[in-house]
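Colleague: I have a few questions about this model. Can we go through the strands and then the chain contact?

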Protein chains: 2
Amino acid sequence: MTKVPLPQRFLAAGTACGIKDNPRTPDLALFVSEVSCTSAGVFTQNRVCGAPVQVSRTRVPRTTTRAVIINSGNANACTGQRGLDDARWMTAEIAQRLDCPPEDVLVCSTGVIGRPLPREKLAAGIPVLMELLGSDPHAFLEAARGMMTTDTVPKQAFRTFELASREVRLSAVAKGAAMIGPNMATMLAVILTDLHLDPRTADTMLRQSVDRSFNCISVEGHTSTSDSVILLANGASGVELRSEKDSRQFQEMLDGVTRELAQAIVRDAEGAAHFVTVRVRGTHSPDQAKRIAQTIANDVLVKTAITGNDPNWGRIVSCCGRTGVELNERDVTLSINGTLIFQAGSPAEYDEQAVRESMSRGDVELDVQLPFGDASVEVWTSDLTQEYVRLNSEYTT
Amino acid sequence: MTKVPLPQRFLAAGTACGIKDNPRTPDLALFVSEVSCTSAGVFTQNRVCGAPVQVSRTRVPRTTTRAVIINSGNANACTGQRGLDDARWMTAEIAQRLDCPPEDVLVCSTGVIGRPLPREKLAAGIPVLMELLGSDPHAFLEAARGMMTTDTVPKQAFRTFELASREVRLSAVAKGAAMIGPNMATMLAVILTDLHLDPRTADTMLRQSVDRSFNCISVEGHTSTSDSVILLANGASGVELRSEKDSRQFQEMLDGVTRELAQAIVRDAEGAAHFVTVRVRGTHSPDQAKRIAQTIANDVLVKTAITGNDPNWGRIVSCCGRTGVELNERDVTLSINGTLIFQAGSPAEYDEQAVRESMSRGDVELDVQLPFGDASVEVWTSDLTQEYVRLNSEYTT
């Protein structure tokens, strides 16, 4: 595990307060800035959403945010008024210790849904968490661990770059979207930078970046009740964006970090045996490309074919046809791992055994070329294995 | 197996001509009327569709249809101009023997896609098929067998009713939508009646019936390239619809037959362990209800929970939230097999063990009640088992 540093004047901590069955498994994470931050957030579009989402999304964008408190093991979703009270209480507990209004603290929860939060355990854990706050990579890693549910590894990403001869840092953590058990597992990410950003720019850049990263992954096409991505920019580097070029550079950094985390989430999906990249090119619009790519990525028959290392072009071409996009099979050209499989409506001649062998190595790239325009998109997904079904069906509450 | 009769003046036959790997497995079916029929058809909405769909859908509705020729083992899809020539040739071979124009013959194919039809095998099989034509239940059953691909049992349904003191018969066959191997398996149905129908009525009634039956089933949400439902009405009973009441009675019969076949298809889905009914009530429109019901029915997490006999309301309530229909969890009430599980936003108190036991018996009914209006819908699906994944991933070409 490489050591991932925090940006300047950020602190982090992680600990266990006993929310999960094993009382030693980390279940609390805290990110604090020593100075006010510009914050932005992108949240689940599921109409059924957790109390923390309902609370946090009213508190961004803002210029005075100080912290994000996260618990795992309990999503605090479908918990009614009590859930809202509990989410606000969590932020107030942190705010009191940071001497700021509760509105300057954001909250995320992930885990089982429909169960009230164990307030007494959190009340005991929060002071410990405050004590553990540190600016070192170890503290940051512990925070990454405190967010995990079914993830097998903590997920962090880091970029550093120079602007105006000063170093700017961008550090991020995420937890995965693999689904297991009775809980709707959730994708959470916290992105920290010591760049100065105004709220509108932060919001715009974060949305654009999420659209190109976390919105391009799908394990089973199910949007959870709690998905949240939060960006905090505290300006401690003394650097701000002064030109178009600066903005482009930062957007690239941000996109790099979010794509790295998004792909790490798919690679860590429960019970997956293949990492699948679906590229669709040559549509009229990016939306069309995305609709086709996501139909392929979420198709149970495409996924199971990939599990079997089978270059099953019929299932993929048929997906292209069932999205509502006006096309027929003569418009579709498909390559798998660089080998042309289907060209403009007809199966190509290719070495099937060689394609199967390349698929069996674990990374599968599906390239769909259409003749309509210049738009393109790339999405990432995993396959569908017997192990996935076992994990998702045999777990009992 | 009960013996299912044909309506008056219909003939049927089934045989094997060697399209499939095992040359004795039936792969040809033929339905013939001794007199001209009114025909109607509903076909796949997938833009990538087989040559037989492209040919047949230009030939209905019509008043002079005489036959439907069907082969299994090869879908004749993604086969270009040659595929269209082959499909037209099949109808011409039958038409020549019935002394009618090729346009009065319809054609369906189901099986592997992307491979040219073996014309010489069909040319040898068609005369045999003509010889075998019979009006008895045995001939009808052989035709049902000739359509099968991964089905484990032939699927037939029958109704008889009196109008104007005369007997009218309605007989139907279908093959299933379970998916396996490199072929996009297909849902085909042929419905025969000796009632007289005019083409507009036949078309309207068939569309309405398909909407309430075959469009309400889903194994994995994938529309195949070849789905076709064909209705032939030859008027041989001498009965026609003379009143609103007559029409209602016939629509009910038709709906009964199509629902019976649709449910038989789901019950025979490859690798399924549960038959699942999803009912959604209380929406503004039937479309809204259907959108929610199909999101639940196609959700991989809901399916795997059912496989594990787990009354996992979180996954179901979350599906309600991710359809784009304006609602929150306080609008949702859910029962599973008649037991109230989730009421207006909160988990209900219930005997989980008893619900698990009732689910383990194989039939699962999910009832979602919403408070918005009077619309409702019912859809049927199967669960997602390790066996399903095995079948769909381990098959090799």
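Colleague: Which residue takes a positive phi in the hairpin of E5(B) and E6(B)?

Modeller: Keep in mind that this is a predicted model. The two strands, E5(B) and E6(B), pair in the antiparallel sense over nine bridges. Two residues lie between them in the hairpin, and the positive phi, near 50 degrees, belongs to B:Ala164.

Colleague: Which residue of E7(B) stands opposite B:Ser171?

Modeller: E6(B) also pairs with strand E7 (residues 188–193) of chain B. The two run antiparallel and are joined by six bridges. Opposite B:Ser171 stands B:Leu192.

Colleague: How many of the 10 residues of strand E6 of chain B are buried?

Modeller: The strand covers residues 166–175 of chain B. E6(B) is mostly covered, and its buried residues number eight.

Colleague: What relation superposes chain A on chain B?

Modeller: The rotation is 180 degrees, with 0.0 Å of shift along its axis. The RMSD is 0.0 Å. That is the relation of a two-fold axis.

Colleague: Why do the copies meet through the same surface?

Modeller: The contact takes 49 residues from chain A and 49 residues from chain B. On the side of chain A, these are 16 nonpolar, 23 polar and 10 charged. The copies meet through the same surface because the share of interface residues of chain A that are also interface residues in chain B is 100%.

Technical notes: Residues numbered from 1 in each chain as written. Chains lettered and ligands numbered in written order. Predicted model: local features only at pLDDT ≥ 70, side-chain atom pairs only at ≥ 80, totals over all residues. Contact = placed C-beta atoms within 7 Å. Nonpolar A, V, L, I, M, F, W, Y, C, P; charged D, E, K, R; others polar. Buried ≥ 20, exposed ≤ 12 C-beta atoms within 10 Å, placed from the backbone. Helix = DSSP H or I, 4+ residues; strand = E, 2+ residues; numbered from the N terminus. Pairing = 2+ DSSP bridges. Least-squares fit on C-alpha atoms with pLDDT ≥ 70 in both.
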